[in-house]
Amino acid sequence: ISQCTMTCVTHLLTLLLAAAIVQQGTCITCYYCSNDPDTHPYPYDASCADPDYASTDKLYIVESSISKNCYTGIFNDGVVTRGVVSGQFDACEYYSSRIYCNCTHDFCNTSMCPQCNSTSPIV
């Protein structure tokens, strides 16, 4: 193989690696679950409401190139959901029946919203 061919192959591999790194940087990976078996489309995981939730089961992990935020939703009735959401949101979103806490890095939706200074929504 000539030196020119090796140089071209090296440049091609460098470009492919750079493209893979750029593509990887555009996705967010979040936990995706609910502790309520009737909350669809979320997959049921009884431990979804754990204060330091973490799962290695791929059923409870979602990756998105569209969404840029992970969230934890805490409802007045005790239901907890975790997932991804598109758009710009405040770190804490307060609604009459729930709180959503949002974050912007992989697997950041593990907690029960301590940054919101509450573990239950304001009614």
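1. Let's start with a bond: C33 and C48 form a disulfide, with their sulfur atoms 2.1 Å apart. The torsion about the S-S bond of C33 and C48 is about 75 degrees, so this disulfide is right-handed. C33 lies in strand 2 and C48 in the loop between strand 2 and strand 3, so the pair ties together parts that are 15 residues apart in sequence. C33 counts as buried, at 0% relative accessibility, and C48 is buried too, with a relative accessible area of 0%. Keep in mind throughout that this is a predicted model.

2. The chain has one helix and seven strands, and reading along the sequence gives the pattern α-β-β-β-β-β-β-β. The chain has 123 residues, and 33% of them count as buried. As for the surface, the accessible area of the chain comes to about 7600 Å², with 60% of that belonging to carbon and sulfur atoms.

3. How many disulfides does a search of the whole structure find? The search finds five. For anyone new to the term, a disulfide is a covalent bond between the sulfur atoms of two cysteines. If you number the bonded cysteines of the chain in sequence order, the pairing reads 1-4, 2-3, 5-10, 6-9, 7-8.

4. Another disulfide to look up joins C30 to C70, with an S to S distance of 1.9 Å. The torsion about the S-S bond of C30 and C70 is about -80 degrees, so the disulfide is left-handed. C30 lies in strand 1 and C70 in strand 4, so the pair ties together parts that are 40 residues apart in sequence. C30 is buried, with a relative accessible area of 0%, and C70 is buried with a relative accessible area of 0%.

5. Then there is the disulfide that C92 and C116 form, their sulfur atoms 2.1 Å apart. With -100 degrees about the S-S bond, the link of C92 and C116 is left-handed. C92 lies in strand 6 (residues 92-94) and C116 in the segment after strand 7, so the pair ties together parts that are 24 residues apart in sequence. Both C92 and C116 are buried.

6. On to the cores. Which residues touch the most other members of the largest nonpolar core? That core has 13 residues, and C33, C48, Y53, C113 and C116 touch the most other members. Apart from it lies another core, of five residues, including I28, C30, C70 and C108. As background, nonpolar side chains tend to be buried together in soluble globular proteins.

7. Y31 lies in strand 1 (residues 28-31) and Y53 in the loop between strand 2 (33-34) and strand 3 (61-64), so the pair ties together parts that are 22 residues apart in sequence. Are these two residues buried or exposed? Y31 is buried, with a relative accessible area of 8%, and Y53 counts as buried at 2% relative accessibility.

8. For another ring pair, go to F75 and Y100. Their ring centres are 6.2 Å apart and their planes are at 85 degrees, so the pair is edge-to-face. F75 in strand 4 (residues 69-75) and Y100 in strand 7 (residues 98-103) are 25 residues apart, and the pair links distant parts of the chain. F75 is partly exposed, with a relative accessible area of 22%.

How values were computed
Residues numbered from 1 in each chain as written. Predicted model: local features only at pLDDT ≥ 70, side-chain atom pairs only at ≥ 80, totals over all residues. Heavy atoms only, no water. Helix = DSSP H or I, 4+ residues; strand = E, 2+ residues; numbered from the N terminus. Buried < 20%, exposed > 50% of the residue type's maximum accessible area, 1.4 Å probe, protein only. Areas by Shrake-Rupley, 256 points an atom, 1.4 Å probe, with all protein chains shown as cover. Phe/Tyr/Trp six-rings, centres within 6.5 Å; stacked < 30°, edge-to-face > 60°. Core = buried A, V, L, I, M, F, W, Y, C linked by side-chain atoms within 4.5 Å. Disulfide = S-S within 2.5 Å.
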